[in-house]
Amino acid sequence: MLNRNLQNREKGDRNQQKKNRRPSDFGEFVRLCWKRIPLFSLILLTCVVFSIAGWVGLITNLKSYRKLDFVKEPFYSALIFDLKTKLNGGTEVTLPPDAVKKGAETETKKESVKTPSRQEMKKAEDERLTIPKGVCDDVIQAKDYGVANQSILVDPSTVFTTDLTGYFAPDGTYRYLEKAKSDDYFNDALMIGDSRTVGLSLWSPLVGKTNFFCKESMSVFGIMTKELNYTGMNGESGSTTLDQLLATHTYRKIYISLGINEMGYPIMKYYNGYRALIEKIHAAQPDAIIFIEGNLHVDAAHSQTDATFNNTSMVLRNTAIASLANGRDTFYIDPNSEVCDGDGNLIADYTTDGIHLKAAFYKKWVDVLRDNTIDPDKPAKAVSTDKAQ
């Protein structure tokens, strides 16, 4: 009996000692992990901290990333996308389609800017003047492989620009595209664009012959006030905003090539952003000829498999911005005629990644620019109705 009591007492003492040791044992476990597997411990701790920060951010200043599917993505992914946005100069990055909750893209489409009503489109079809052939390029078409994200597209019959009067409306007077006599034509031009135009500024025959305002990841959204790299013909270079550049320099021709970084946005939002950009440029430089450049297509590998970066979406986007040309002082030209195959896909041998041209092929883009110029000194002339149809 006495032995049994002693055993019970010893057992109780051991249990109490275990309870007393638990905090120190856990601390010892943490110290042991930190000592033996420090990298894993650091990664684990970092993930926990960033996940908490991401969760707090979603409640406060990262609300725009609530459409992320956090069943698939960790909470700290909101911080990563926000960091990318800041590195892009404030332009919100395109979220991967598989990282977004189902239905979120549809909500984005509903939140996008105004789409013309059926009545407005019908009236434009009946009354808006048709720009004659030879005034602008046709939009280069491409094969539809059926993979495009339908939630950000529009009906192919959409009439984007319905203006019957004002700057974006043809008025019956036109200028016709003609071939440049020499590259001196581009001396007083400004090339505005994204990473594709950066390539043009580095490897094309126009280097040193024109002025470039471009940067990787740039888009139509907020471009007027964001600092981009400027390289001028006279050796001037540095970072500036488009607002400042247009206020301090005068250009007779302005080329715009923006669209690859907006592929994740609804087409109507892209169209309205592009339209607003042209309005601001025209207000700042009312005498400049504005060239709307069709966005280069992507290669077949992208167009056949990528829900975001495909030519079905790109053709609709080019169609949208082409409708902003009035044939008087705003024109549409399409470089895809020189760099695409019979299906409208960017030729595989011409590209490094299916999106950007190889250095040797920027000359083909320049060939299109050379063959499609407008002389600012030649006034727009009235064209008879039968020629305009």
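User: Where does S217 lie?

Analyst: Helices (H or I, at least four residues) and strands (E, at least two) are DSSP runs, numbered from the N terminus. Here, S217 is in the loop between β3 (211–214) and β4 (228–231). Its phi is near 70 degrees, a positive value in a residue other than glycine. This is a predicted model, in which local features need pLDDT of at least 70 and side-chain atom pairs count only at pLDDT 80 or more, while totals for chains, interfaces and linings use all residues. Residues are numbered from 1 along each chain as its sequence is written, and side-chain values use heavy atoms, with hydrogens and water left out.

User: Why does S217 count as partly exposed?

Analyst: Buried means under 20% relative accessible area, exposed over 50%, and partly exposed in between (1.4 Å probe, protein chains only). S217 counts as partly exposed because its relative accessibility is 26%.

User: Which kind of aromatic pair do Y185 and F186 form?

Analyst: Rings of Phe, Tyr and Trp (its six-membered ring) pair if their centres lie within 6.5 Å; planes under 30 degrees apart count as stacked, over 60 as edge-to-face and the rest as tilted. The structure holds 11 aromatic pairs. For Y185 and F186, the centres are 5.2 Å apart and the planes at 85 degrees, so the pair is edge-to-face. Y185 is buried at 13% relative accessibility, and F186 is buried at 0%.
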